[in-house]
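Here is a friendly walk through some charged pairs and one further residue. Have the sequence and the 3D view open as you read.

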Amino acid sequence: MKHFLLISALALSALSASEAQAKDDFQQWATASATIKLSDRFRLSNELVARFSDNRNGLYELENSLLLGYKINDHVTAWAGYVHNPNYNAGDFTVMERRAREQFTFDNVAKFGKASISARIRLEQRWRDHIDGTAWRLRPYVKMAIPLGGKTAPTLNLSEEWFVNLNNTGFQTTDGLDRMRTAASLSLPVTAEIKLEAGYLNQHRFVGNGPDLDDHVLTGGIGLSL
């Protein structure tokens, strides 16, 4: 519990800093996910993320991804699937985004003492209703997991993700590196199948013709693995 209190205190400090910059945003992201082992090789994963923003006056995005994974070996899994992503403004629907998603995950590919390194390379094709064009985006990701005790103790997770736009459309208008997500969280196993996670994420958005912007995000989630 004391670890979760520490993360909360750090997140509140980030909130105070963000309030001093009117263009930055304070957000909350809630995640629920489930991964089911279909066989020795195949996995089915579904993740739902609800995102809320102060600057956008509430709910601005629901992202639901359904992926089928094929375990190539003990460390590498190939995934592919579909993302349903309605967008909102102050809770009112604005536009529907749909994505095809392909990715490779690399689990526990390196160790430094107790810490383990995992990575992911994700490719997305994005479409928005009534807007022409297919937007291609690459998302490399790396995470370090540091156990803070035995099997029932929390794990400290440190991660970095880059969003790289590969082309332009009517809604994807910048080239190259578009944003970076830097996150710290604590995950806590509740049972062998259920895990809770809470933390802080900074989303740094690069702005071509103005100062860069930062989203300060409180994150919380529950994960089920069967």
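## Glu63 and Arg99

Glu63 and Arg99 form a salt bridge, with 3.5 Å between their closest N and O atoms. A salt bridge here is a side-chain nitrogen of Lys or Arg within 4 Å of a carboxyl oxygen of Asp or Glu. Because Glu63 sits in strand E3 (residues 58-71) and Arg99 in strand E5 (residues 92-112), the pair ties together parts that are 36 residues apart in sequence. Strands (E, at least two residues) are DSSP runs, numbered from the N terminus.

Both Glu63 and Arg99 are buried. Buried means under 20% relative accessible area, exposed means over 50%, and partly exposed is in between (1.4 Å probe, protein chains only).

## How the model is read

This is a predicted model, in which local features need pLDDT of at least 70 and side-chain atom pairs count only at pLDDT 80 or more, while totals for chains, interfaces and linings use all residues. Residues are numbered from 1 along each chain as its sequence is written, and side-chain values use heavy atoms, with hydrogens and water left out.

By the salt-bridge rule, the count comes to 17.

## Glu161 and Arg120

Another salt bridge joins the side chains of Glu161 and Arg120, at 3.0 Å from N to O. Glu161 belongs to strand E8 (residues 155-165) and Arg120 to strand E6 (residues 115-128), so this pair ties together parts that are 41 residues apart in sequence.

Are these two partners buried or exposed? Glu161 counts as buried because its relative accessibility is 5%. Arg120 is buried too, with a relative accessible area of 15%.

## Asp215 and Arg205

Asp215 pairs with Arg205 in a salt bridge whose closest N and O atoms are 2.9 Å apart. This pair links distant parts of the chain, 10 residues apart: Asp215 is in strand E11 (residues 213-225) and Arg205 is in strand E10 (residues 194-205).

With a relative accessible area of 1%, Asp215 is buried, whereas Arg205, at 22% relative accessibility, counts as partly exposed.

## Around Ile146

Which strand holds Ile146? Ile146 lies in strand E7 (residues 131-147). Its relative accessible area is 23%, so Ile146 is partly exposed.

Leaving aside neighbours within four places in sequence, Ile146 is in contact with Ala115, Thr155, Leu156 and Leu158; contact means heavy atoms within 4.5 Å. Val95 is 51 residues from Ile146 along the chain, and 39 Å separates the C-alpha atoms of Ile146 and Val95.

Technical notes
Helices (H or I, at least four residues) and strands (E, at least two) are DSSP runs, numbered from the N terminus.
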